[in-house]
Amino acid sequence: MFLLNSTGDAREFLLTSREKYDVIFSEPSNPYRAGIASLYTRDFYNAVTGRLGTNGLFVQWVQMYSIDTQTMKTIYATLGSVFPNVDTWTTTAGDIVLVASRAPIVYDADLIRQRLAVEPYRSAVHAAWRVESAEGVLSHFIGSEKLTRAAATGVTALNTDDRQLIEFSFARSLGRDDDLMNELLLSAQRLNAHRPTNVRGRFDWAAVDANRGSMSWLRSPLAKNDVARKYERGDLAGALASWRTSAWSPANSFDNAMLGHILANAGDDTALTYIDPLRPWQPTEAEALTGLLLYRKGSVAGGALPDLCRR
């Protein structure tokens with residue numbers, strides 16, 4: 001794996017290297033900074049293909065803040081002009097990654113489950129996304145290559161070494177707060193591109209959507225979860241009311257922690273139903289939530305109240 005970042009001249013190193021890589025990950029600084037847009041050009045992407053192995057993947061980070069639709073379309077069109085397959089994933093509220101390849105990526109359900117059962121994948125996916133299942137991983141999938149092709153439609157000028165369009169378009173949109181992440185997800189849904197094209201084995205797509213619901217930054221019908229959105233705003237009472245009137249149940253450890261917190265804050269012993277599954281993953285978090293429950297109940301039964309909850 002080769003990681004392109006802001007340390008040294010990573011582009012020059014890649015262009016002069018004779019090594020082949022299975023994964024090249026480009027995670028530079030913001031493209032509106034001088035020189036960074038050169039890591040988003042057609043020329044650079046052409047060079048990357050020469051350094052990838054037969055089934056290699058190129059992963060391009062893209063910020064989802066201070067970016068307008070036309071800039072995003074230019075990025076899609078430029079990357080898609082070199083790589084025939086580009087899938088879109090969300091990592092956090094402010095970021096996506098575009099996973100590009102020469103051949104379509106096959107998402108193998110059994111293989112993903114096997115990987116998640118062992119280290120370092122088991123702990124890494126939990127630490128990064130607070131999910132513990134193949135469906136939890138797939139919940140971060142935004143759109144297939146069909147989304148990329150649609151996004152590139154109508155783009156007449158690509159980002160190239162001698163015409164770095166996105167450096168200036170990013171600068172013009174700096175400070176804007178367009179909800180482009182959800183625009184992408186809604187577009188993918190309309191195109192029936194919100195699931196991978198090439199799937200092997202069986203995924204529980206209802207569980208994928210349930211895991212997606214814990215991502216409060218996604219607000220499409222596929223990710224509608226009023227409990228998570230109210231919790232994100234700090235409205236624990238509102239989140240509790242929403243949960244009591246819904247059929248929603250936790251899909252991952254983040255959901256368990258969220259619901260455990262909501263119920264513990266209300267002094268409801270039902271919180272333990274959701275706190276206990278946390279203990280193998282987050283023992284300290286589970287103990288803190290148990291302490292909060294005891295505190296809200298005015299009880300110290302079962303042990304001394306944690307100092308955190310006494311304050």
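A: Here is a walk through charged pairs first, then rings, then packing.

A quick word on the ground rules: this is a predicted model, where local features need pLDDT of at least 70 and side-chain atom pairs count only at pLDDT 80 or more, while totals for chains, interfaces and linings use all residues. Residues are numbered from 1 along each chain as its sequence is written, and side-chain values use heavy atoms, with hydrogens and water left out.

Let's start with charges. Side chains of opposite charge can pair up when their charged atoms come close. The term here is salt bridge, meaning a side-chain nitrogen of Lys or Arg within 4 Å of a carboxyl oxygen of Asp or Glu. Count them up by that rule and you get 11 salt bridges.

One of them joins R130 to E285, with the closest N and O atoms 2.9 Å apart. R130 sits in the loop between α5 (121–129) and α6 (134–138), while E285 belongs to helix α15 (residues 283–297), so this pair ties together parts that are 155 residues apart in sequence. (Helices, H or I and at least four residues, and strands, E and at least two, are DSSP runs numbered from the N terminus.) R130 has 16% relative accessibility and counts as buried, whereas E285, at 27%, is partly exposed. Those words have cut-offs too: buried is under 20% relative accessible area, exposed is over 50%, and partly exposed is in between, using a 1.4 Å probe and protein chains only.

Another salt bridge links D209 and R212 at 3.2 Å, N to O. These two are three residues apart in helix α10 (residues 205–212), which puts about one helical turn between them. R212 is buried, at 1% relative accessibility. There is also a network: D226, R229 and K230 are joined by salt bridges that share partners.

Now meet R122, which has two things going on. Its side chain meets that of E119 in a salt bridge (3.8 Å, N to O), and its charged end sits over the ring of W281, 4.2 Å from the ring centre. "Over a ring" means NZ of Lys or CZ of Arg is within 6 Å of the ring centre and within 35 degrees of the ring normal. R122 is partly exposed at 32%, and E119 is partly exposed at 45%.

That ring brings us to aromatic pairs. Rings of Phe, Tyr and Trp (its six-membered ring) pair if their centres lie within 6.5 Å; planes under 30 degrees apart are stacked, over 60 edge-to-face, and the rest tilted. The whole structure has nine such pairs. In one of them, the ring centres of F203 and W205 are 5.5 Å apart and the planes are at 50 degrees, so the pair is tilted. Elsewhere, F44, Y45, F58 and F83 form one aromatic cluster.

Finally, the packing. A nonpolar core is a set of buried Ala, Val, Leu, Ile, Met, Phe, Trp, Tyr and Cys residues joined through side-chain atoms within 4.5 Å. The largest one has 57 residues, and F58, M72 and F83 touch the most other members. A second, separate core of 20 residues includes L240, W248, A264 and L278. A264 lies in helix α13 (residues 253–265) and is buried, at 0% relative accessibility. Setting aside neighbours within four places in sequence, A264 contacts A271, L289, L292, L293 and R296, where contact means heavy atoms within 4.5 Å.
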